[in-house]
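Please look over the structure below before reading on.

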Amino acid sequence: MLIERPTSEQWRQLRDNCLQTEEDMAHLNAFPYNCGRPTGDELFDALRHMSASPGCKFWLIEEKGEIVGFINFGSIIPWQHNAFGVVIGKRFARKGYARKALQELINRKSEFGITELNGYCNRRNTAIIKLMEFSGFKLDSSFIDRQDSEAIKYYCQGVYALNV
């Protein structure tokens, strides 16, 4: 379930469940953008700031009563328009939570005011690439990111609702 307005307790759970240990951060930083590798505290502070920014939409992901990660949408990186990002904590990875969260975002796109959805990632991040392809995204082979030569773009032409 996507949580649009997290409580202080839910924010604490995100930190504790996903951003606390070196292993957590190694998992989250496996495919960094532009060689950036934030600490847990730096990422947490950036997420709190991002969640209050008008150009970005942000949700925590809750499964079975626990915060397992987050998903965001907007232009977090100025030249990556209408971008979504999804992050699942290490101990919750590979359980289908990212897929379920992206499908919920797509299914609720009208409610959230989303008309176009793009995914940007490191070309070696096979998990997110498989997720995007499963969800109907196509590779934009013409995309070039001048800040990160490893970045690729996927787009979803006409964002369609999926079965969760």
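## Salt bridges

A salt bridge here is a side-chain nitrogen of Lys or Arg within 4 Å of a carboxyl oxygen of Asp or Glu. This is a predicted model: local features need pLDDT of at least 70, side-chain atom pairs count only at pLDDT 80 or more, and totals for chains, interfaces and linings use all residues. Residues are numbered from 1 along each chain as its sequence is written, and side-chain values use heavy atoms, with hydrogens and water left out.

The structure holds 10 salt bridges. Glu9, Arg12 and Asp16 are linked in a network of them. Within it, the side chains of Asp16 and Arg12 meet at 2.3 Å, N to O. Both residues lie in helix α1, four residues apart, about one turn of the helix. Helices (H or I, at least four residues) and strands (E, at least two) are DSSP runs, numbered from the N terminus. An α-helix has 3.6 residues a turn, so residues three or four places apart point the same way.

How covered are these side chains? Buried means under 20% relative accessible area, exposed over 50%, and partly exposed in between (1.4 Å probe, protein chains only). Asp16 is partly exposed, with a relative accessible area of 34%. Arg12 is also partly exposed, at 40%.

Arg108 and Glu104 form a salt bridge at 2.7 Å, N to O. Arg108 is partly exposed at 24% relative accessible area, whereas Glu104 is buried at 16%. Asp140 and Lys153 form another salt bridge, at 3.6 Å, N to O. Asp140 lies in the loop between β6 and β7 (151–156) and Lys153 in strand β7, so the pair ties together parts that are 13 residues apart in sequence. Asp140 and Lys153 are both buried.

## The sheet

What is the order of the strands? An open sheet of seven strands runs β1-β2-β3-β4-β5-β7-β6, with mixed pairing. Its edge strands are β1 (2–3) and β6 (138–139), and each pairs on one side only. Two strands count as paired if DSSP finds at least two bridges between them. Strands of a sheet pair through backbone hydrogen bonds, either parallel or antiparallel.

Strand β3 (residues 66–74) and strand β4 (residues 83–88) run antiparallel, joined by six bridges. Phe70 has Val87 of β4 as its bridge partner. On to β5: this strand pairs with β4 in the parallel sense over two bridges. There, Ala83 stands opposite Asn118 in β5. β5 also pairs with β7, in the antiparallel sense over six bridges. Leu117 stands opposite Cys156 in β7. β5 is mostly covered, with six of its six residues buried.

Gly85 is found in strand β4. Gly85 counts as buried, at 18% relative accessibility. Contact means heavy atoms within 4.5 Å. Not counting residues up to four places away in sequence, Gly85 touches Phe70, Ile71 and Asn72.

## Helices on the sheet

Helix α4 (residues 97–107) is mostly covered: eight of its 11 residues are buried. Among them are Tyr97, Ala101, Leu102 and Leu105.

Axes are lines fitted to C-alpha atoms, for helices over the stretch in contact, and angles run from 0 to 180 degrees between N-to-C directions. Back to the pairing of β3 and β4, joined by six bridges. Helix α1 (residues 8–18) packs on the sheet and touches β1, β2 (56–63) and β3; the directions of α1 and β3 make about 105 degrees. α4 packs on the sheet too, touching β1, β2, β3, β4 and β5 (117–122); its direction makes about 150 degrees with that of β4.

## The nonpolar core

A nonpolar core is a set of buried Ala, Val, Leu, Ile, Met, Phe, Trp, Tyr and Cys residues joined through side-chain atoms within 4.5 Å. Which members of the largest core touch the most others? Of its 44 residues, they are Phe84 and Leu105. α4 gives the most to this core, with six residues.

Phe84 has contacts from several parts of the chain. Leaving out residues up to four places away in sequence, its contacts include Ile71, Phe73, Leu102, Leu105, Leu117, Ile128, Met132 and Phe137.

## A buried loop residue

Asn29 lies in the loop between α2 (22–28) and α3 (40–51). Is Asn29 buried or exposed? Asn29 is buried, with a relative accessible area of 10%. Leaving aside neighbours within four places in sequence, Asn29 is in contact with Gly36, Arg37 and Pro38.
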